[in-house]
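Work through the exercises below with the sequence and the model in view. Each task is followed by a solution in steps.

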Amino acid sequence: MPAPQDRSPAPVLLVIEDDDTIGRHLDTGLRAQGYATTWCRTGSGGLAAARATPPDVVLLDLGLPDADGIDIARELRSRHPYLLLVILTARSEEIDVIAGLDAGADDYLVKPFTLSVLLARLRAHLRRLPAGHGERETTYRIGDLTLDTRAHKCLLGDVEVPLRPKEFDLLAVLARHAGAAVSREDLMAQVWDENWFGPTKTLDVTLASLRRRLQQSAPDSRQPAQAPSITTLRGYGYRLENERR
Ligand code: CA
């Protein structure tokens with residue numbers, strides 16, 4: 001039998017819920033409906049999962065063992081502006097719902113709720129999203145630089161910049177946070193491995209070659225495109241920014 005999401009990829013759905021019964025129920029129920037579901041029991045685990053694979057939808061419990069769900073909602077919203085964020089709360093108090101919506105949630109469900117109600121709400125929300133909404137998060141434009149993470153393509157003006165896989169991934173993380181400082185630890189975790197504790201020389205080497213490739217590609221074009229610069233923040237990390245005034 002064909003899946004409901006026949007041609008477009010299944011929506012990536014992240015469940016952040018510490019309750020075993022509810023979490024498992026959502027995980028299996030949503031999978032059966034064709035959602036590519038990941039289930040995390042903690043706020044920090046949820047944020048890491050969202051970093052690794054930007055989700056289309058997050059179902060977020062407010063009462064988590066390691067964090068306040070409101071803080072997690074705020075963090076998710078700032079990192080993923082186009083995410084559909086639904087809060088799941090056992091607390092029916094109006095104040096929690098308001099705080100959740102103010103923190104960036106699109107909708108909320110008060111527990112207990114049935115899977116069919118949740119599915120109906122998701123369908124209603126996803127219908128209203130413009131087609132291919134997820135692509136907005138996968139194409140970054142910083143000045144003359146265009147980075148299409150779906151096609152794995154980096155363009156400076158109209159010239160394609162050949163990048164090695166790790167150089168591309170590194171640039172993608174910096175582009176996702178363009179204008180903001182990204183720590184070495186975050187870069188190591190997102191580009192190489194979540195559990196990397198080794199020396200970070202490989203980061204410097206990859207970054208140096210990424211800078212070189214961006215600079216070398218720029219002057220070839222007739223109307224020279226300007227590569228955004230990668231600023232070194234000593235003792236912290238790096239920041240990608242557009243220098244054109
Ligand atoms: Ca809970």
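**Exercise 1. Cysteines**

Task: Is Cys-40 buried or exposed, and how many disulfides does a search of the whole structure find?

Solution. Step 1: Cys-40 has a relative accessible area of 11%. Buried means under 20% relative accessible area, exposed over 50% and partly exposed in between, with a 1.4 Å probe and protein chains only. Cys-40 is therefore buried. Step 2: Cys-154, with a relative accessible area of 2%, is buried too. Step 3: A disulfide is a covalent bond between the sulfur atoms of two cysteines. Taking a pair of cysteine sulfur atoms within 2.5 Å as the criterion, the search finds zero disulfides.

The model is predicted: local features need pLDDT of at least 70 and side-chain atom pairs count only at pLDDT 80 or more, while totals for chains, interfaces and linings use all residues. Residues are numbered from 1 along each chain as its sequence is written, and side-chain values use heavy atoms, with hydrogens and water left out.

**Exercise 2. The largest core**

Task: Which residues have the most contacts inside the largest nonpolar core?

Solution. Step 1: A nonpolar core is a set of buried Ala, Val, Leu, Ile, Met, Phe, Trp, Tyr and Cys residues joined through side-chain atoms within 4.5 Å. Step 2: The largest one has 28 residues, and Cys-154, Leu-171, Leu-174 and Leu-214 have the most contacts inside it. Step 3: Among the elements that supply at least two residues each are strand S8 (153-156), helix H6 (165-176) and helix H8 (201-217). Helices (H or I, at least four residues) and strands (E, at least two) are DSSP runs, numbered from the N terminus. Step 4: H6 gives the largest share, seven residues. Step 5: Leaving out residues up to four places away in sequence, Leu-171 touches Leu-145, Leu-147, Cys-154, Leu-163, Leu-210, Leu-214 and Leu-240, contact being heavy atoms within 4.5 Å. Step 6: A second, separate core of 19 residues includes Ala-49, Val-58, Leu-62 and Ala-103.

**Exercise 3. The open sheet**

Task: What is the order of the strands in the open sheet of four strands?

Solution. Step 1: The order is S6-S7-S8-S9, with antiparallel pairing; two strands pair if DSSP finds at least two bridges between them. Step 2: S6 and strand S9 (159-160) are the edge strands, each with a single partner, so one side of each has no neighbour in the sheet. Step 3: S8 and S9 are joined by two bridges, and Leu-156 has Val-159 in S9 as its bridge partner.

**Exercise 4. Helix H4**

Task: Which residues of helix H4 (residues 94-102) are buried, and what do they pack against?

Solution. Step 1: The buried residues are Asp-96, Val-97 and Gly-100. Step 2: Down the axis of H4 they fall within an arc of 100 degrees, so they line one face of the helix; the arc is that of the directions from the helix axis to the C-beta atoms. Step 3: The face turned away from the buried side of H4 carries the exposed residues Glu-94, Ile-95 and Asp-102. Step 4: The buried residues of H4 pack against helix H3 (69-79), strand S4 (84-89) and strand S5 (107-110). Step 5: S4 and S5 pair in the parallel sense over four bridges, and Ile-87 has Tyr-108 in S5 as its bridge partner. Step 6: The covered face of S5 holds Asp-107 and Leu-109, the uncovered one Tyr-108 and Val-110.
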